[in-house]
Amino acid sequence: NLFDQDIREADQLISVFTMCGVPRTDLIIERDSRNTRESVLAVSSILKDQFPNATYLLITSGFHMRRAQACFNKIDVMVTSFSTDSRTSSNPVTVFSFIRPSPNGLYRMQLLAKELLGYTAYKIAGYV
């Protein structure tokens, strides 16, 4: 998060998991990363130290899954992916559904552009 530095996704997720009944003592939180690569490196260190030879489940958004999983694969940490969301519609997805003037079209275009740019930048930097 570039602007709200005091708000951490990790802290928000603690609230969600504890509301769902997960004991706080069962949660291992990494809250220092600023991007996907930093998070993957920090989390993989925790996993290798505390849970060697375990199987790992990567939970993230569907749009973000490819980049996150590729970062883990790059450092030889094999994860099984589970998407927290899916984008479905009764209308077929076309180029026009991304550029048609509508709040949903603009939102999807922003998600797509962010992940395409992010994946491309990570590929150039050698992170994936």
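Residues are numbered from 1 along each chain as its sequence is written, and because the model is predicted, local features need a pLDDT of at least 70 and side-chain atom pairs count only at pLDDT 80 or more, while totals for chains, interfaces and linings use all residues. Side-chain values rest on heavy atoms, with hydrogens and water left out. The average pLDDT of the protein (the predictor's confidence in each residue, from 0 to 100) is 84, and 84% of the residues score at least 70. Confidence is highest in helix H2 (residues 36-50), with a mean of 94, and lowest in helix H4 (residues 95-99), with a mean of 64. Where pLDDT is low, the predicted coordinates should not be read in detail.

The protein contains 5 helices and 2 strands, taken as DSSP runs numbered from the N terminus (helices are H or I with at least four residues, strands are E with at least two). Along the sequence these elements follow the pattern α-α-β-α-β-α-α. Of the 128 residues in the protein, 24% are buried, where buried means under 20% relative accessible area, exposed means over 50%, and partly exposed lies in between (1.4 Å probe, protein chains only). Among contacts between residues at least 6 apart in sequence, 46% join residues at least 24 apart, a contact being defined by heavy atoms within 4.5 Å.

Helix H3 (residues 62-74) packs with helix H5 (residues 103-125) at an angle of about 15°, their axes being 9 Å apart; axes are lines fitted to C-alpha atoms, for helices over the stretch in contact, and angles run from 0 to 180 degrees between N-to-C directions. H3 and H5 are therefore roughly parallel to each other, since angles under 35 degrees count as roughly parallel, over 145 as roughly antiparallel, 65 to 115 as roughly perpendicular and the rest as oblique. From H3, the contact involves Phe-63, His-64, Arg-66, Arg-67, Ala-70 and Cys-71, and from H5 it involves Leu-111, Leu-112, Lys-114, Glu-115, Gly-118, Tyr-119 and Tyr-122. These residues comprise 7 nonpolar, 2 polar and 4 charged, with Ala, Val, Leu, Ile, Met, Phe, Trp, Tyr, Cys and Pro counted as nonpolar, Asp, Glu, Lys and Arg as charged, and the others, Gly among them, as polar.

Helix H3 also meets H2, the two axes coming within 9 Å and crossing at roughly 45°, which makes H2 oblique to H3. On the H2 side the contact is formed by Thr-36, Arg-37, Val-40, Val-43 and Ser-44, and on the H3 side by His-64, Arg-67, Ala-68, Cys-71 and Phe-72. The contact of H2 with H3 includes 5 nonpolar, 3 polar and 2 charged residues.

Val-77, in the loop between H3 and strand S2 (79-83), is buried, with a relative accessible area of 4%. Residues up to four places away in sequence aside, Val-77 touches Ser-44, Lys-48, Tyr-56 and Phe-72. Thr-60, in strand S1 (residues 56-60), counts as buried at 16% relative accessibility, and with the same exclusion of residues up to four places away in sequence, Thr-60 touches Met-65, Ala-68, Phe-82, Ser-83 and Thr-84. By contrast, Arg-34, in the loop between helix H1 (9-19) and H2, is exposed, with a relative accessible area of 65%. The C-alpha atoms of Arg-34 and Arg-8, which are 26 residues apart in sequence, lie 9.7 Å apart in space.
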